[in-house]
Amino acid sequence: MSSAGAAPRRVAVAGASGRMGRMLIEALLVSDDCVLSGALDRTGSPALGEDAGAFLGRSTGVIIGADLARGLADAEVLIDFTRPEGTLEHLAACRARGVQLVIGTTGFDAAGKAAIGAAAKDIAIMMAPNMSVGVNVVLRLLDQAARALGEGYDVEIVEAHHRHKVDAPSGTALQMGEVVAGALGRSLKDCAVYGREGTTGARDAATIGFATVRGGDVIGDHTVMFLGPGERIEISHKSSSRGTYAQGALRAVRFLRGRAPGLYGMDAVLGFDPT
Ligand SMILES: NC(=O)C1=CN([C@@H]2O[C@H](COP(=O)(O)OP(=O)(O)OC[C@H]3O[C@@H](n4cnc5c(N)ncnc54)[C@H](OP(=O)(O)O)[C@@H]3O)[C@@H](O)[C@H]2O)C=CC1
Ligand SMILES: O=C(O)C1=N[C@H](C(=O)O)C[C@H](O)C1
């Protein structure tokens with residue numbers, strides 16, 4: 001699907017004053033094929049009424065507002081890195097208006113995921129807990145490693161993030177767990193162990209363990225360990241900039257141009273073969 005010569009895609013950003021919202025606005029302001037068309041934040045946000053570029057000392061003419069109808073009026077796509085309750089509200093508004101969605105928010109429960117799946121019958125949605133190219137390559141490495149190692153290696157997933165993160169384990173860690181569990185023929189729901197304390201007993205070989213570190217300004221570190229007899233393999237990814245997530249989100253915006261309704265992942269955006 002070529003977009004050569006096409007008009008820039010008009011993109012609204014939700015959570016405009018958040019860490020990712022600002023990264024996305026900065027990326028959109030230097031993009032030559034996407035333009036910022038709207039900026040949303042939640043009711044009560046101190047950012048309401050500010051120019052979306054004010055944090056960069058720039059005037060964009062796009063004012064941050066809480067009114068979804070106004071914020072989406074000129075948008076083809078909404079990029080949403082907020083909180084599950086915010087995203088689900090935005091989802092309904094996008095569905096009603098035929099606006100496509102790029103969802104980076106993590107921490108959805110089963111009902112939230114089902115609502116996103118239902119909306120994808122009417123609009124094209126790209127959703128991924130981590131939009132960096134590196135993490136999505138790591139997901140493929142994990143699939144290969146788990147298939148090659150098979151049973152006999154204990155799997156433990158350790159992640160670290162900044163002190164402001166509100167969900168745990170991270171969406172990325174959970175997706176890594178899903179990939180490894182799938183490759184080993186297990187269901188993550190049945191084999192995940194989220195933290196250990198007290199007299200835990202010996203480790204059950206069929207489990208996948210998760211450990212969470214929160215502190216400082218860590219952008220996002222993930223390590224998956226395969227611990228076997230006489231050796232261990234560790235596959236790690238460390239983010240040093242949120243710019244990689246923002247660039248991934250813009251790739252998703254380009255990918256969605258002209259796309260039929262459906263729920264897409266980062267593997268489709270990056271053109272990876274199905275595993
Ligand atoms: N998929 C990916 O590649 C990545 C995903 N993430 C995920 O993105 C999300 C946001 O992360 P981050 O930018 O660090 O978080 P921030 O807290 O910095 O930003 C969140 C923004 O959303 C706003 N918000 C909060 N609640 C609501 C709501 N109910 N309705 C509308 N807006 C709301 C916040 O407003 P206020 O500050 O006023 O509360 C803020 O502007 C998280 O779920 C995180 O895990 C993060 C990085 C990469
Ligand atoms: O909240 C964050 O910061 C991040 N959240 C995502 C997640 O939960 O996996 C992606 C990245 O790790 C940063």
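Helices here are DSSP runs of type H or I with at least four residues, numbered from the N terminus. Please bear in mind throughout that this is a predicted model.

With that numbering, let me start at the end of helix H5, where Gly 150, just after the helix, takes a positive phi of about 65 degrees. H5 itself covers residues 133-149, 17 residues in total. From first C-alpha to last, H5 reaches 24 Å, close to the 24 Å expected at 1.5 Å a residue.

Which residues of H5 are buried? They are Val 135, Asn 136, Val 138, Leu 139, Leu 142 and Ala 146. Viewed down the axis of H5, these buried residues fall within an arc of 150 degrees, so they line one face of the helix. In general, an α-helix has 3.6 residues a turn, so residues three or four places apart point the same way. On the face of H5 turned away from the buried side we find the exposed residues Gln 144 and Ala 148. The buried residues pack against helices H6 (171-183) and H9 (266-270), and against strands S10 (220-228) and S11 (231-239).

I turn now to the sheet. It is open, with 7 strands in the order S3-S2-S1-S4-S5-S6-S12 and parallel pairing. Strands S3 (64-65) and S12 (262-264) stand at the edges with a single partner strand each, so one side of each is left without a neighbour in the sheet. Strands S1 (residues 9-14) and S2 (residues 34-40) pair in the parallel sense over 6 bridges, and Val 11 stands opposite Leu 36 in S2. Helix H3 (residues 84-97) packs on the sheet, touching S1, S4 (77-80) and S5 (100-103); the direction of H3 makes about 175 degrees with that of S4.

Notes. Residues are numbered from 1 along each chain as its sequence is written. Chains are lettered from A and ligands numbered from 1 in the order in which they are written. This is a predicted model: local features need pLDDT of at least 70, side-chain atom pairs count only at pLDDT 80 or more; totals for chains, interfaces and linings use all residues. Helices (H or I, at least four residues) and strands (E, at least two) are DSSP runs, numbered from the N terminus. The expected span of a helix is 1.5 Å times one less than its number of residues. A residue is buried if 20 or more other C-beta atoms lie within 10 Å of its own, exposed if 12 or fewer, and partly exposed in between; C-beta atoms are placed from the backbone. The arc is that of the directions from the helix axis to the C-beta atoms. Two residues are in contact if their C-beta atoms, placed from the backbone, lie within 7 Å. Two strands pair if DSSP finds at least two bridges between them. Axes are lines fitted to C-alpha atoms, for helices over the stretch in contact, and angles run from 0 to 180 degrees between N-to-C directions.
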